[in-house]
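Hello,

Here is the structure you asked for.

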Amino acid sequence: MAKRKRDDASKEAQKAGVPTKVVKTAAKVELPPNDGPETTVQIVTGSYERVLHGFTAAIPSNAKELPSSVQFVDTFLFEAHASAIRCLAVSPLSKTETSEPQKVILASGGTDERINLYSLSASPVATNDSYPTVPTLAGNKILENPKNRELGSLLHHSANICALHFPSRSKLLAAAEDNTISVTKTRDWTVVSTIKAPRPKVQGRPSGDTAPPGGSPAGVNDFAVHPSMKLMLTVGRGEKCMRLWNLVTGKKAGVLNFSKEILQSVKEGKWSPGEGRKIEWNSEGDEFAVAFEWGAVIFGTDSIPICRALPSPRSKIHQIKYVDIGQSTENKVGFLAVSTEDGRVIFYSTKKVQKAADDDESPIPYAEAVASLGGKQADLPGRVKDFEILKLDSPSESNKDEFVVVTGGSDGTVRLWLLDGAELHDKKASTKTPQVGKLLNSYETGNRITCLKAFVMLAPEDPSALDFSEDELESDEAEESASEESDDE
C-alpha cells in the first residue's frame, strides 16, 4: 500500500513541475532460452541410518549454461530396514507400449536379512495449483506421488543381503551371506530356484575379515548376469576365484582361480583376502571386469586377462560400471567407469592398453585412463560409494551423446554431472588424466549413503488422474501380471 502512495505522489509532483529524484534500477539479466523439454531423473539412496530416500532432479535443456537451475524435489523418505541398507535394484521399464502409466519395482536389501519391495511410478507428477507441494521446515520441496506404494517384504535368506538385480521385469535375483542366490518370480514373488555356492575352506583369518570368532568368511559379494541371461558370474568372500553358473539348469559351469600373477597385478599382497568385490559384464557380453580392493582386471570370454585398471594416484575401488559412448552400433565404444575412495569416477578404455614396465611384477598391460570426473581436481575429495550413468535423449537436430552421472558419497551428498560423450572420444594421449564433466548441482541427504539407483522418468502425469480407487489398484496389478507373462515368453 505504501508503494502505491509513493508512486501516486511522484506522478503528481511531475504534473506540478517539481523535479523528482531518479533511482537507477539494476539491468535485467537475459537467461539462455530453454528451447527443449526438461528431463526428470528419479534418484533413490540407501544409507547406514536405515533410511530409504527418494527424490527427483529436474534437468532443463539449458542446464549447461545454468547449472544451478537443476531442482530437487523429495518424493519419499522412510526407515525401511531394521539395520543398514546394503544394496538396491530397479526393474527395467516395460517394452510393450501401453496407454496406462508405467511403473518400476524397487527392491532394497539390508543387513536385517529382508528384501523390501516397492512400486514406483515411472512418471513425475506435473505440479500446479490444484496439487500443491507439502510444506516442510527443512526448506526443500516435497511432492508425494500416491502411486508410489509398498508391496511387502521377502524373507528368502537367513543372512545379510549383499546384491540385488533385475535381469528382466519378471525375475529378481538376490545374493546373501548364506552363500545362496535366490531367483524370484515377480508375478507372485515365489522362489523359482536357489543357487547354492560352496562354502570356502578356512585358510586363517585375513586382514579386515569380519567373520565371528570360530567362523570363516562366507557369502556372495557380487554377481553379474550375461546379456543373454543364460550365464552368470559370481565372486565370493574368502575365495580367490570366480564361479560360472548356467542359469538354464541352475548348476555350476566352471571355476576360475585367481592366479598369483593376477592378484599381484592389482596389488593384492600376501595378507590381502584376494577376493573379488564387484563384477560386471559389458553390454556386448564379450568381456567382463572383476574389481578388487585396489584395482580391477578385465577378462575376455575365454577368461584370459586382457588388461588391468589401477587408479593413479593409488586409491581403493568402490563400484564399477560399463558405459557405451556412440549413437550407432558402428561407432559405439565401451568404457569402464570406476569410482574411487578419493572421490573420482575414472573412465578406462579397455581397447587402448599400455604395456607394463620391465620391472613390473605382472605382464598384464594397463588400460588407458581416458578421463576423470570429480576428485581433488574439482575440490571434491570425498569417497564415491556408488554411481549411475544415464543417457539423455537428445533432440533430433543435435546429434549429441550426453549423459547424466549421478554420484553418491559417504558424506551424504548426491551430485549430478553433465557428461558429453565427445569428451571421452576426443581426448589426446597425455601424462595427466584430463578432467571431464560439468557439475550441475548437489543435494545433501543428511545420511551416510551406501548404495544408489537412478533412472530417467517418462513424461509427467496429470495430477487430476492421481485420485484412484481400490478397483483401479486391482486393475493395475492385473495389467502388471499380464506384462510379466509376456516378458516370460
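The structure holds three cavities of 30 Å³ or more. A cavity here is a set of points, on a 1 Å grid over the protein atoms alone, where a 1.4 Å probe fits but cannot get out; grid points are joined across faces, edges and corners, and a volume is the space filled by probe spheres set on the points.

This is a predicted model, in which local features need pLDDT of at least 70 and side-chain atom pairs count only at pLDDT 80 or more, while totals for chains, interfaces and linings use all residues. Residues are numbered from 1 along each chain as its sequence is written, and side-chain values use heavy atoms, with hydrogens and water left out.

The largest cavity has a volume of about 110 Å³. It is lined by 16 residues, and those closest to its centre are Gly343, Gly382, Val384, Thr407 and Arg415. Lining residues have an atom within 4 Å of a point. Strands are DSSP runs (E, at least two residues), numbered from the N terminus; β24 (366-374), β26 (402-409) and β27 (413-420) each give two or more residues to this lining. The lining divides into five nonpolar, eight polar and three charged residues. Ala, Val, Leu, Ile, Met, Phe, Trp, Tyr, Cys and Pro count as nonpolar, Asp, Glu, Lys and Arg as charged, and the others, Gly among them, as polar.

The second largest cavity has a volume of about 50 Å³. Strand β14 (residues 231-236) supplies the largest share of its lining, three residues. Asn179, Ala197, Glu239 and Arg243 are among the lining residues.

Regards

Terms used:
On a 1 Å grid over the protein atoms alone, a cavity is a set of points where a 1.4 Å probe fits but cannot get out, and a pocket is an open set with protein on both sides within 12 Å along at least five of seven lines; lining residues have an atom within 4 Å of a point. Helices (H or I, at least four residues) and strands (E, at least two) are DSSP runs, numbered from the N terminus.
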